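Biologist: I am new to this one. Can you walk me through the structure?
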Amino acid sequence: MPLSVLLDLDRLHLVAHGERHRAALARVPRPGDAITMLCGYTDLVEYTGRTADFVGVRTCWPCDLAYRRQLGLCVPPDHPGARRL
Ligand SMILES: [Zn+2]
C-alpha cells in the first residue's frame, strides 16, 4: 500500500517582513512563484529551513480578517484588520 501524504495548504507559513500572511493556494507553490496574499501583498516564494525567520512573527491582520470572512468564522467588531483596511 502506498504512503499517503496530506499537505494542508492552510498550514503553510507564509512570512514576509515579519508578518504571517494567508493566501488561497490551489497547490503547493514552487520556489519563485509569485503569490498574492489575502491582504493584497505579493511576493515570490522561497523555501527556508531558517526557523529563526518564524520566531516572533506578527499576524497580518488584514489577511486574518479576509481568512475569517472566507470561512464564515466569527469576526470580533474590534478586529485589528478592520482598522487597517
Ligand atoms: Zn497579509
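Modeller: Start with a term: a residue is buried if 20 or more other C-beta atoms lie within 10 Å of its own, exposed if 12 or fewer, and partly exposed in between, with C-beta atoms placed from the backbone. By that rule, 16% of the 85 residues of the chain count as buried. This is a predicted model, where local features need pLDDT of at least 70, side-chain atom pairs count only at pLDDT 80 or more, and totals for chains, interfaces and linings use all residues. Residues are numbered from 1 along each chain as its sequence is written.

Biologist: How many helices and strands are there in the chain?
Modeller: The chain has two helices and five strands, in the order β-β-β-β-β-α-α along the sequence. Helices (H or I, at least four residues) and strands (E, at least two) are DSSP runs, numbered from the N terminus.

Biologist: Which residues of helix H1 are buried?
Modeller: H1 covers residues 61–71, and its buried residues are Pro62, Cys63, Asp64, Leu65, Ala66 and Tyr67.

Biologist: And what follows H1?
Modeller: Glycine 72, with a positive phi near 70°.

Biologist: Why is arginine 68 classed as partly exposed?
Modeller: Arginine 68 sits in helix H1. It is partly exposed because 16 other C-beta atoms lie within 10 Å.

Biologist: What does arginine 68 touch, leaving out residues up to four places away in sequence?
Modeller: Leu73 and Val75. Contact here puts the C-beta atoms of two residues, placed from the backbone, within 7 Å.
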